[in-house]
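This report concerns the lining of a pocket and one of the helices that contributes to it. The sequence and the model are shown below.

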Amino acid sequence: MAKQVISPNIARLPPTRNRDGNGTANLILKDLPKKECAQIFSELEFVRLKLHTVLHEAGEVIRSTYFMESGLASVLAVQPDGKSVEVGLIGKEGFIGLPVIFGLKTSALRVVVQGDGTAHRLDTATLHGLIPHCSKLERRLHIFSMIFAMQSTQLAACNRLHEVEERLARWLLMSHDRIETDIMPLTQEFLGQMLGARRSSVSVAASILQKAGMIRYTRGSVTLLDKPKLQETACDCYAIIQQQKNNWMEEAR
């Protein structure tokens with residue numbers, strides 16, 4: 001099979017020695033049956049993802065899929081005038097390329113790296129060949145697709161119904177859960193795009209959280225200082241998403 005041309009913002013890394021699913025942080029790949037691991041891990045390409053790299057573009061063919069190992073990817077709904085708003089976040093719990101597991105070829109959304117990280121890259125055609133022989137992997141991908149759809153639905157309601165400071169607190173919590181670091185490289189412009197809010201509104205919201213001692217906001221970065229207070233300030237969407245995800249994961253055992 002011909003090797004796919006890789007983006008200059010996606011650097012190949014030495015192959016991981018993990019072949020049994022025990023050494024990966026990705027929750028879909030982790031602890032898969034040995035037979036499935038033997039088939040899957042030999043096909044994965046370990047890559048570094050740089051900030052702002054576009055992994056999938058709306059309307060374009062999906063040539064590669066990604067099992068996130070670290071970092072953060074933002075999923076954006078893009079409008080004809082070029083404006084966009086975030087409809088989902090994916091970190092080590094997830095997979096980028098959901099349309100292909102249902103036999104679809106193109107992406108309806110833009111997926112952008114929002115925090116430097118790593119991933120296991122897999123050619124779409126190779127994934128199609130693996131799925132019929134990897135029932136556990138297929139089930140986990142389907143479960144993740146339901147969780148991501150639920151998250152997107154909740155975020156649509158969130159962007160319409162809740163105040164900017166509540167949404168900002170929710171976004172910071174969701175991001176922190178995925179990248180597990182207290183310092184995040186963020187700008188007002190970026191946050192406005194993610195939250196579907198004006199830059200001035202984001203500035204006011206960040207000031208409110210900072211004055212309350214929840215974050216330290218400097219030009220280009222946000223540091224989380226008090227997660228419990230952020231959880232109290234965030235809208236109910238954060239808890240709703242977490243609870244539903246936990247319920248489904250329990251049901252799937």
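By class, the lining of the largest pocket comprises the groups tabulated here.

| Class | Residues in the lining |
|---|---|
| Nonpolar (Ala, Val, Leu, Ile, Met, Phe, Trp, Tyr, Cys and Pro) | seven residues |
| Polar (the others, Gly among them) | one residue |

The model is predicted: local features need pLDDT of at least 70 and side-chain atom pairs count only at pLDDT 80 or more, while totals for chains, interfaces and linings use all residues. Residues are numbered from 1 along each chain as its sequence is written, and side-chain values use heavy atoms, with hydrogens and water left out.

Of the 18 lining residues, Leu-27, Ile-28, Glu-93, Ile-147 and Met-249 lie nearest the centre of the largest pocket. Two or more residues of this lining come from each of helix H4 (135–161), H5 and helix H9 (237–251); H4 gives the most, with six residues. Helices are DSSP runs (H or I, at least four residues), numbered from the N terminus.

Helix H5 spans residues 164–179. H5 is mostly covered, with 12 of its 16 residues buried, where buried means under 20% relative accessible area (1.4 Å probe, protein chains only). Among the buried residues of H5 are Trp-171, His-176 and Arg-178. Arg-178 counts as buried because its relative accessibility is 10%. Beyond residues up to four places away in sequence, Arg-178 touches Gly-71, Leu-72, Leu-89, Ile-90, Gly-91, Lys-92, Glu-93 and Gln-151, a contact being heavy atoms within 4.5 Å. After H5 comes Glu-180, whose phi is positive, near 55°.

Notes: Buried means under 20% relative accessible area, exposed over 50%, partly exposed in between (1.4 Å probe, protein chains only). On a 1 Å grid over the protein atoms alone, a cavity is a set of points where a 1.4 Å probe fits but cannot get out, and a pocket is an open set with protein on both sides within 12 Å along at least five of seven lines; lining residues have an atom within 4 Å of a point.
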